[in-house]
Amino acid sequence: MRNAHLTSTVLTVILTAGFAFSAIAQRQTNEAASRKERVLFFVAHPDDTIACAGTMFLMKDRFELHVGVLTHGERGLGEKGYRDGSTKATRTKEEEAAAAMVGATVHWFDEIDGDAYPNRDVCRRVADLLLELKPRAIVAMWPLDFHQDHAMSSACIQKAIGLVGMREVIEFYFMEESYDSRTFMPAYTVDVTEVMEQKRAFIRQHVSQNTGDRMCALEMFDAEMRAQRCATFNVLGSARSKCVERFAQWDGKPQGSRCIFSELPPPKGWKQDWSMAKPSVWTPEGGMK
Ligand SMILES: [Zn+2]
(Lines give C-alpha, C1' and ligand atoms only; values in the text may rest on other atoms or scores of the structure.)
Protein backbone atom coordinates (compact mmCIF):
# COMPACT_ATOMS: atom_id res chain seq x y z
CA MET A 1 0.00 0.00 0.00
CA ARG A 2 2.83 2.32 0.88
CA ASN A 3 4.39 1.76 -2.56
CA ALA A 4 1.05 2.38 -4.30
CA HIS A 5 0.58 5.61 -2.33
CA LEU A 6 4.14 6.69 -3.20
CA THR A 7 3.56 5.95 -6.89
CA SER A 8 0.35 7.93 -6.93
CA THR A 9 2.05 10.87 -5.16
CA VAL A 10 4.93 10.83 -7.68
CA LEU A 11 2.45 10.68 -10.57
CA THR A 12 0.50 13.60 -9.15
CA VAL A 13 3.70 15.65 -8.81
CA ILE A 14 4.77 14.81 -12.38
CA LEU A 15 1.34 15.65 -13.82
CA THR A 16 1.12 18.92 -11.87
CA ALA A 17 4.61 19.92 -12.98
CA GLY A 18 3.73 18.98 -16.56
CA PHE A 19 0.64 21.19 -16.53
CA ALA A 20 2.61 24.02 -14.98
CA PHE A 21 5.35 23.77 -17.60
CA SER A 22 2.84 23.59 -20.42
CA ALA A 23 1.02 26.66 -19.01
CA ILE A 24 4.31 28.58 -18.86
CA ALA A 25 5.22 27.51 -22.41
CA GLN A 26 1.78 28.56 -23.66
CA ARG A 27 2.06 31.93 -21.92
CA GLN A 28 5.51 32.50 -23.46
CA THR A 29 4.13 31.62 -26.91
CA ASN A 30 1.21 34.01 -26.41
CA GLU A 31 3.53 36.77 -25.19
CA ALA A 32 5.83 36.31 -28.19
CA ALA A 33 2.84 36.41 -30.54
CA SER A 34 1.38 39.53 -28.96
CA ARG A 35 4.70 41.37 -28.63
CA LYS A 36 5.06 44.32 -30.93
CA GLU A 37 7.79 44.18 -33.53
CA ARG A 38 10.73 46.38 -32.64
CA VAL A 39 12.24 49.31 -34.47
CA LEU A 40 15.63 50.65 -33.40
CA PHE A 41 16.65 54.22 -34.20
CA PHE A 42 20.42 54.64 -33.91
CA VAL A 43 21.88 58.15 -33.63
CA ALA A 44 24.96 60.04 -32.48
CA HIS A 45 23.55 62.69 -30.11
CA PRO A 46 20.59 63.11 -27.77
CA ASP A 47 18.64 65.43 -30.09
CA ASP A 48 19.23 63.64 -33.42
CA THR A 49 15.89 61.81 -33.41
CA ILE A 50 14.08 65.13 -33.89
CA ALA A 51 14.62 64.43 -37.61
CA CYS A 52 12.20 61.50 -37.41
CA ALA A 53 10.12 62.39 -34.35
CA GLY A 54 6.90 62.72 -36.37
CA THR A 55 7.38 59.24 -37.80
CA MET A 56 8.05 57.91 -34.29
CA PHE A 57 4.71 59.36 -33.14
CA LEU A 58 3.00 57.63 -36.05
CA MET A 59 4.79 54.38 -35.20
CA LYS A 60 4.46 54.27 -31.44
CA ASP A 61 1.25 52.26 -31.23
CA ARG A 62 2.22 49.83 -33.96
CA PHE A 63 5.85 49.12 -33.01
CA GLU A 64 7.99 48.88 -29.88
CA LEU A 65 10.48 51.72 -30.28
CA HIS A 66 14.09 51.83 -29.13
CA VAL A 67 16.72 54.54 -29.49
CA GLY A 68 20.46 53.83 -29.41
CA VAL A 69 22.57 56.94 -28.75
CA LEU A 70 26.33 56.83 -29.35
CA THR A 71 27.25 59.84 -27.16
CA HIS A 72 25.58 61.96 -24.50
CA GLY A 73 26.12 65.17 -26.48
CA GLU A 74 28.42 66.28 -23.70
CA ARG A 75 30.01 69.09 -25.72
CA GLY A 76 26.68 70.61 -26.74
CA LEU A 77 27.09 73.52 -24.32
CA GLY A 78 30.84 74.12 -24.57
CA GLU A 79 33.95 72.68 -22.92
CA LYS A 80 33.15 73.74 -19.36
CA GLY A 81 29.89 71.78 -19.32
CA TYR A 82 31.73 68.83 -20.85
CA ARG A 83 34.47 68.83 -18.22
CA ASP A 84 32.23 69.18 -15.19
CA GLY A 85 29.72 66.62 -16.48
CA SER A 86 26.76 68.99 -16.27
CA THR A 87 25.93 68.92 -20.00
CA LYS A 88 25.97 65.11 -20.06
CA ALA A 89 23.48 65.03 -17.18
CA THR A 90 21.23 67.67 -18.75
CA ARG A 91 21.14 66.17 -22.22
CA THR A 92 20.68 62.60 -20.97
CA LYS A 93 17.60 63.79 -19.09
CA GLU A 94 16.29 65.69 -22.11
CA GLU A 95 16.66 62.69 -24.40
CA GLU A 96 14.95 60.38 -21.91
CA ALA A 97 12.05 62.84 -21.63
CA ALA A 98 11.68 63.12 -25.42
CA ALA A 99 11.87 59.34 -25.87
CA ALA A 100 9.19 58.89 -23.20
CA MET A 101 6.78 60.90 -25.38
CA VAL A 102 6.88 58.13 -27.99
CA GLY A 103 7.26 55.31 -25.46
CA ALA A 104 10.81 54.55 -26.63
CA THR A 105 13.55 52.95 -24.53
CA VAL A 106 16.94 54.68 -24.73
CA HIS A 107 20.21 52.72 -24.88
CA TRP A 108 23.43 54.68 -24.25
CA PHE A 109 26.85 53.79 -25.68
CA ASP A 110 29.02 56.36 -23.87
CA GLU A 111 31.28 57.49 -26.70
CA ILE A 112 32.34 61.14 -26.36
CA ASP A 113 30.59 63.92 -28.26
CA GLY A 114 32.94 65.27 -30.93
CA ASP A 115 35.32 62.37 -30.32
CA ALA A 116 33.20 59.33 -31.23
CA TYR A 117 34.63 56.37 -33.14
CA PRO A 118 33.05 53.16 -34.41
CA ASN A 119 35.69 51.19 -32.47
CA ARG A 120 35.69 47.45 -31.83
CA ASP A 121 34.33 47.73 -28.29
CA VAL A 122 31.38 49.96 -29.06
CA CYS A 123 30.47 48.07 -32.25
CA ARG A 124 30.37 44.86 -30.23
CA ARG A 125 28.18 46.46 -27.56
CA VAL A 126 25.79 47.65 -30.27
CA ALA A 127 25.87 44.14 -31.76
CA ASP A 128 24.89 42.75 -28.33
CA LEU A 129 21.91 45.10 -28.29
CA LEU A 130 20.86 43.86 -31.73
CA LEU A 131 21.01 40.26 -30.50
CA GLU A 132 18.93 41.20 -27.48
CA LEU A 133 16.29 43.24 -29.32
CA LYS A 134 16.16 41.37 -32.62
CA PRO A 135 14.61 44.45 -34.25
CA ARG A 136 12.53 44.12 -37.36
CA ALA A 137 13.95 47.40 -38.66
CA ILE A 138 16.76 49.84 -37.96
CA VAL A 139 16.76 53.53 -38.84
CA ALA A 140 20.27 55.01 -38.82
CA MET A 141 21.82 58.35 -39.71
CA TRP A 142 22.79 58.96 -43.33
CA PRO A 143 26.47 57.95 -43.76
CA LEU A 144 27.51 61.14 -45.57
CA ASP A 145 26.97 63.83 -42.98
CA PHE A 146 28.38 67.24 -42.20
CA HIS A 147 28.83 66.23 -38.54
CA GLN A 148 31.49 63.53 -38.10
CA ASP A 149 29.74 61.95 -35.11
CA HIS A 150 26.68 61.34 -37.28
CA ALA A 151 28.79 59.57 -39.88
CA MET A 152 30.57 57.58 -37.13
CA SER A 153 27.23 56.46 -35.65
CA SER A 154 26.16 55.26 -39.08
CA ALA A 155 29.40 53.29 -39.50
CA CYS A 156 28.99 51.85 -36.01
CA ILE A 157 25.49 50.43 -36.57
CA GLN A 158 26.45 49.12 -40.01
CA LYS A 159 29.42 47.28 -38.51
CA ALA A 160 27.25 45.89 -35.69
CA ILE A 161 24.68 44.63 -38.20
CA GLY A 162 27.48 42.87 -40.05
CA LEU A 163 28.89 41.36 -36.83
CA VAL A 164 25.60 39.65 -35.98
CA GLY A 165 24.81 38.63 -39.55
CA MET A 166 21.54 40.58 -39.71
CA ARG A 167 22.28 42.29 -43.03
CA GLU A 168 19.88 40.10 -44.95
CA VAL A 169 17.09 39.80 -42.40
CA ILE A 170 16.31 43.30 -41.22
CA GLU A 171 14.84 46.32 -42.91
CA PHE A 172 17.51 49.01 -42.82
CA TYR A 173 16.81 52.68 -43.44
CA PHE A 174 18.50 56.05 -43.06
CA MET A 175 16.87 59.21 -41.75
CA GLU A 176 17.36 62.63 -43.31
CA GLU A 177 18.93 65.05 -40.85
CA SER A 178 18.04 68.65 -41.61
CA TYR A 179 20.95 70.60 -43.12
CA ASP A 180 23.55 67.94 -42.21
CA SER A 181 22.78 64.98 -44.53
CA ARG A 182 24.74 65.37 -47.76
CA THR A 183 23.52 64.09 -51.15
CA PHE A 184 20.59 62.40 -49.42
CA MET A 185 18.62 60.01 -51.65
CA PRO A 186 15.12 59.61 -50.18
CA ALA A 187 13.15 56.47 -50.93
CA TYR A 188 10.26 57.07 -48.49
CA THR A 189 8.43 60.27 -47.70
CA VAL A 190 6.26 60.19 -44.59
CA ASP A 191 3.58 62.82 -44.06
CA VAL A 192 3.70 63.89 -40.41
CA THR A 193 1.23 66.78 -40.72
CA GLU A 194 -1.14 65.13 -38.22
CA VAL A 195 1.55 65.02 -35.56
CA MET A 196 3.27 68.35 -36.22
CA GLU A 197 2.41 69.72 -32.79
CA GLN A 198 3.72 66.58 -31.10
CA LYS A 199 6.91 66.89 -33.15
CA ARG A 200 7.30 70.49 -31.94
CA ALA A 201 6.79 69.38 -28.32
CA PHE A 202 9.35 66.57 -28.82
CA ILE A 203 11.96 69.04 -30.12
CA ARG A 204 11.26 71.39 -27.21
CA GLN A 205 12.19 68.64 -24.73
CA HIS A 206 15.77 69.44 -25.74
CA VAL A 207 15.67 72.71 -23.84
CA SER A 208 19.45 73.17 -23.67
CA GLN A 209 19.74 73.06 -27.48
CA ASN A 210 16.67 75.12 -28.24
CA THR A 211 17.59 78.62 -27.09
CA GLY A 212 14.94 81.08 -28.23
CA ASP A 213 13.07 78.16 -29.84
CA ARG A 214 15.58 78.41 -32.69
CA MET A 215 16.21 74.67 -33.19
CA CYS A 216 12.48 73.98 -33.23
CA ALA A 217 11.85 76.78 -35.72
CA LEU A 218 14.66 75.65 -38.05
CA GLU A 219 13.68 71.98 -37.93
CA MET A 220 10.01 72.68 -38.57
CA PHE A 221 10.85 75.16 -41.34
CA ASP A 222 12.93 72.51 -43.09
CA ALA A 223 10.23 69.84 -42.68
CA GLU A 224 7.64 72.26 -44.06
CA MET A 225 9.86 73.24 -47.00
CA ARG A 226 10.27 69.55 -47.84
CA ALA A 227 6.48 69.20 -47.74
CA GLN A 228 6.12 72.11 -50.16
CA ARG A 229 8.55 70.48 -52.57
CA CYS A 230 6.57 67.23 -52.28
CA ALA A 231 3.36 69.13 -53.02
CA THR A 232 4.97 70.82 -56.02
CA PHE A 233 6.02 67.49 -57.49
CA ASN A 234 2.87 65.70 -56.30
CA VAL A 235 5.03 63.20 -54.43
CA LEU A 236 2.31 62.37 -51.92
CA GLY A 237 -0.61 62.56 -54.29
CA SER A 238 -1.95 65.66 -52.57
CA ALA A 239 -0.97 69.21 -51.72
CA ARG A 240 -2.43 68.86 -48.21
CA SER A 241 0.81 67.80 -46.60
CA LYS A 242 2.37 70.53 -44.45
CA CYS A 243 5.22 68.63 -42.88
CA VAL A 244 7.17 65.58 -44.02
CA GLU A 245 10.12 63.45 -42.97
CA ARG A 246 12.15 61.42 -45.42
CA PHE A 247 14.04 58.15 -45.30
CA ALA A 248 16.47 56.31 -47.53
CA GLN A 249 16.88 52.58 -47.79
CA TRP A 250 19.93 50.38 -47.81
CA ASP A 251 20.02 49.82 -51.53
CA GLY A 252 19.73 46.24 -52.67
CA LYS A 253 18.65 44.63 -49.40
CA PRO A 254 16.29 41.77 -50.22
CA GLN A 255 13.50 42.56 -47.78
CA GLY A 256 10.60 41.44 -49.97
CA SER A 257 7.52 43.57 -49.73
CA ARG A 258 7.71 44.43 -46.03
CA CYS A 259 8.21 48.05 -45.13
CA ILE A 260 7.61 49.66 -41.74
CA PHE A 261 6.55 52.95 -43.35
CA SER A 262 3.75 51.34 -45.35
CA GLU A 263 2.26 50.01 -42.10
CA LEU A 264 1.74 53.41 -40.49
CA PRO A 265 -1.84 54.54 -39.90
CA PRO A 266 -3.15 56.84 -42.64
CA PRO A 267 -3.60 60.46 -41.61
CA LYS A 268 -7.14 61.55 -40.81
CA GLY A 269 -9.17 63.01 -43.62
CA TRP A 270 -7.34 61.28 -46.43
CA LYS A 271 -9.73 59.97 -49.02
CA GLN A 272 -7.33 57.88 -50.98
CA ASP A 273 -5.75 54.63 -49.87
CA TRP A 274 -2.64 54.81 -47.76
CA SER A 275 0.16 55.90 -50.04
CA MET A 276 2.13 58.35 -47.95
CA ALA A 277 5.17 56.16 -47.76
CA LYS A 278 5.15 54.65 -51.16
CA PRO A 279 8.58 53.39 -52.08
CA SER A 280 10.67 54.58 -54.96
CA VAL A 281 9.29 58.09 -55.07
CA TRP A 282 12.90 58.77 -55.74
CA THR A 283 15.32 56.19 -56.93
CA PRO A 284 19.07 56.20 -56.39
CA GLU A 285 19.63 55.66 -60.09
CA GLY A 286 17.08 57.87 -61.72
CA GLY A 287 16.28 60.78 -59.39
CA MET A 288 12.65 61.80 -59.13
CA LYS A 289 10.11 59.61 -60.88
ZN1 LIG B 1 23.75 65.28 -33.87
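**Contacts, core and sheet**

Reply: Leaving aside neighbours within four places in sequence, Val39 is in contact with Met59, Phe63, Leu65, Pro135, Arg136, Ala137, Val139 and Ile260, where contact means that the C-beta atoms of two residues, placed from the backbone, lie within 7 Å. The model is a predicted one, in which local features need pLDDT of at least 70 and side-chain atom pairs count only at pLDDT 80 or more, while totals for chains, interfaces and linings use all residues. Residues are numbered from 1 along each chain as its sequence is written.

Me: Which residues touch the most other members of the largest nonpolar core?

Reply: A nonpolar core is a set of buried Ala, Val, Leu, Ile, Met, Phe, Trp, Tyr and Cys residues joined through C-beta atoms within 7 Å, and a residue is buried if 20 or more other C-beta atoms lie within 10 Å of its own, exposed if 12 or fewer, and partly exposed in between. Helix H6 gives the most to this core, with six residues. Of the 64 residues in the core, those that touch the most other members are Val39, Val126, Ile138, Val139 and Phe247.

Me: In what order do the seven strands of the open sheet stand?

Reply: Helices (H or I, at least four residues) and strands (E, at least two) are DSSP runs, numbered from the N terminus, and two strands pair if DSSP finds at least two bridges between them. Strand E3 (105-111) and strand E6 (188-191) each have a single partner strand, so one side of each is left without a neighbour in the sheet. The pairing is mixed, and the order is E3-E2-E1-E4-E5-E7-E6.

Me: Which strand runs parallel to E1 and is joined to it by six bridges?

Reply: Five of the six residues of E1 are buried, so this strand is largely enclosed by the rest of the structure. E1 pairs with E4 in the parallel sense over four bridges, and there Phe42 stands opposite Ala140. On the strand asked about, the residue opposite Val43 is Val69, and the strand joined to E1 by six bridges is E2.

Me: What is the bridge partner of Tyr173 in E7?

Reply: Strand E5 (residues 171-175) and strand E7 (residues 244-249) pair over three bridges in the antiparallel sense. Within E7, the partner of Tyr173 is Gln249.

Me: At what angle does helix H6 run to E4?

Reply: Axes are lines fitted to C-alpha atoms, for helices over the stretch in contact, and angles run from 0 to 180 degrees between N-to-C directions. The buried residues of H6, among them Ala151, Cys156 and Ile161, pack against E1, E2, helix H5 (120-133), E4 and E5. H6 (residues 148-163) lies across E1, E2, E4 and E5, and its angle to E4 is about 150°.

Me: Is Ala99 buried or exposed?

Reply: Ala99 has its place in helix H4 (residues 86-101), and beyond its neighbours within four places in sequence this residue is in contact with Val67, Ala104 and Val106. The C-alpha atoms of Ala99 and Gln205, which are 106 residues apart along the chain, are separated by 9.4 Å. Because Ala99 has 23 C-beta neighbours inside 10 Å, this residue counts as buried.
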